[in-house]
Amino acid sequence: MYSGTIQLPPNIVSGVYTLILSCALTGCQRSTTVEITSPNPPVNVFEPYTTGVAGTEIILDNGIVRARINLAMGGMMDYLAPYKNGQLGESVINSYRTGNAERPDDVGRQKGVALYSGPAGGENPANAYFEDGQSTQRYVNSRLTGGIGYNIVQGGDESRYPAPVWRTGVRIVPGYGMVSFIETPGLNWHLYNRIGHYRIQQWAWLDGNTVRFHYKIIGSRPDYTQYEARTNELGYCYVTAKHTQYYAVLKGSTPERIDQWLTTHRNDGTPQMGWQKDHNVAAGEPWMAAINPSTGIGVGYANITGFHDMQIKSFGDQGSAGPNENDSGYMASTPQIILDHDLEFELDDAVIIGTLEEIQVKARQLTQRDYRPHFVFRNGRQFVSYLKGTDEGWRVPSGKLVITPYDKRFEIHLPVQTFSGSDVPNLYLRMKYIGPESQARLRWRQPDQSESEAAQIYFNDPANDQRKEFTVQSGVEQTYVIPLSSNANWNGKRIAKLWIERFTKPTSEAPEEVALSGETWEVTGISYKPFDQW
């Protein structure tokens, strides 16, 4: 008889395990089951905690990359550098230092998130956001405008006041390593040192050549108005101006060079030689890369939550500026979000260092899944948004999207998520429509195609238009089956975005022409699956 001790790993979780005993003799083996109660129950990784952190920074370092979480500016990652032959290289993150001794950092850069809601600002000064005697109104070329409107930035505000960090901590989590946590309210960008109404909780950890982030956004805004959707930055990453070659997956599966847009064109295709250059991309996969052509090494941004609407920008001269200079590049995930006053949602993204091929491998590992449309609203709105309509709120208390249009230009927009049209021969819409219409219209666009470009197809090729009308019946809940496989601009194409609109559109923007009341859309779900499989 022999006895022995088995040393179990400290991170083992409670459960029933199979214990196998074997020896050198053939057939000398026995197995049994044992129940183990762990003294260390599994950690809920994404729960807030406070452990206290000495100083103003958290360093994450695994010998492959080093990252810094800056507690003096809302917990933004303001430094990320790779190791090569044991030596630490230059940071790939742009974090502009202004030279102002009192508030030296441009706290709107780095890596983080920014939230946008109404009032949306813009050309009309009446659309500015007002709070406690402050306003986002700004003069542009001697003309008063509404500025940027309501905008909460994780790092701080335009006057370079940094956002406070309310809670912070670091702990070791089995399977993750060192995980940092911060909570900040952010600041309203166009106001002066004004705390935001949305708590931003951020967890960060290293995964090889990658910094992973998990965010939770919690709203407590005193204004209960449901404003229209705006473009949000969920999230963004400023990179040094040395990363001049930008890539994204567009209509195919291979990353395509898109940096020529930054040097010669704006979104409308007209030449531009000015300061800020940008390009919106409905990406075929939810990631982008910016490569330094002199080294072949670059930065990838991957949105693990699956937002495929991306944006790239360049600020100033590209090619040589370092991490603390004004010239920079930028990548972001920019979905349209209705930012309800009490909204709560979570998201994941990552920043990757490597060659284009290494970035692609890691990004696909993190983001690849089935992106065919499947939105069943008993679990919330799921980032669906509207043009000219309102609903009951983020949580969808009735279990359906009960949408009230107030304008004949009303539209329901699904999130931008790219899939193959061949994989969705029919779209199933379950709803109860109440109103005067007898038809509705489904529309779509492809990656890197604007909505106006998609609409133009109708005039050039009506038989293969990127729209499909279907009959609706007022007052009856039913499943509408929308056949799509016979359309050449659907079948075999990459589809990036779907939206549904009223069939009858106004002929002008006169208030009496666009006005709409008494119409309701009660939507149970929109899916590639038949209703009985939801």
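Let's start with a strand pair. Strand β36, residues 439-445, pairs with β37 in the antiparallel sense, over five bridges. One of the residues involved is R443, and its bridge partner in β37 is R467. Keep in mind that this is a predicted model.

Now widen the view to the sheet. Five strands make up an open sheet, in the order β30-β33-β40-β36-β37, and the pairing is antiparallel. Which strands are at the edges? They are β30, at 385-387, and β37, at 467-471. Each of these pairs on one side only. From one strand to the next, the twist averages 20 degrees.

Helix α3 covers residues 451-460, and it lies across β33, β36, β37 and β40. For those finding their way on screen, β33 is 411-413 and β40 is 497-502. Relative to β36, the helix runs at about 120 degrees.

Next, the cores. In soluble globular proteins, nonpolar side chains tend to be buried together. Here, the largest nonpolar core has 51 residues. Which members touch the most others? M77, L80, I217 and M331 do. A second core is separate and has 34 residues, including Y386, V396, I412 and I526.

Let me stay with M77. Setting aside neighbours within four places in sequence, M77 is in contact with A67, R68 and I69, and also with I93, Q110 and K111. V211, F213 and V351 complete that set of contacts.

On to C237. This cysteine is in strand β19, residues 233-240. Is C237 buried or exposed? C237 counts as buried, because its relative accessibility is 0%. What does C237 touch beyond its neighbours within four places in sequence? Its contacts are I93, Q110, K111, Y301, G329, Y330, M331 and V351.

T145 sits in strand β11, residues 143-145. Its relative accessibility is 5%, so T145 counts as buried; the cut-off for buried is under 20%.

Key. Residues are numbered from 1 along each chain as its sequence is written. This is a predicted model: local features need pLDDT of at least 70, side-chain atom pairs count only at pLDDT 80 or more; totals for chains, interfaces and linings use all residues. Side-chain values use heavy atoms; hydrogens and water are left out. Helices (H or I, at least four residues) and strands (E, at least two) are DSSP runs, numbered from the N terminus. Buried means under 20% relative accessible area, exposed over 50%, partly exposed in between (1.4 Å probe, protein chains only). Contact means heavy atoms within 4.5 Å. A nonpolar core is a set of buried Ala, Val, Leu, Ile, Met, Phe, Trp, Tyr and Cys residues joined through side-chain atoms within 4.5 Å. Two strands pair if DSSP finds at least two bridges between them. Axes are lines fitted to C-alpha atoms, for helices over the stretch in contact, and angles run from 0 to 180 degrees between N-to-C directions.
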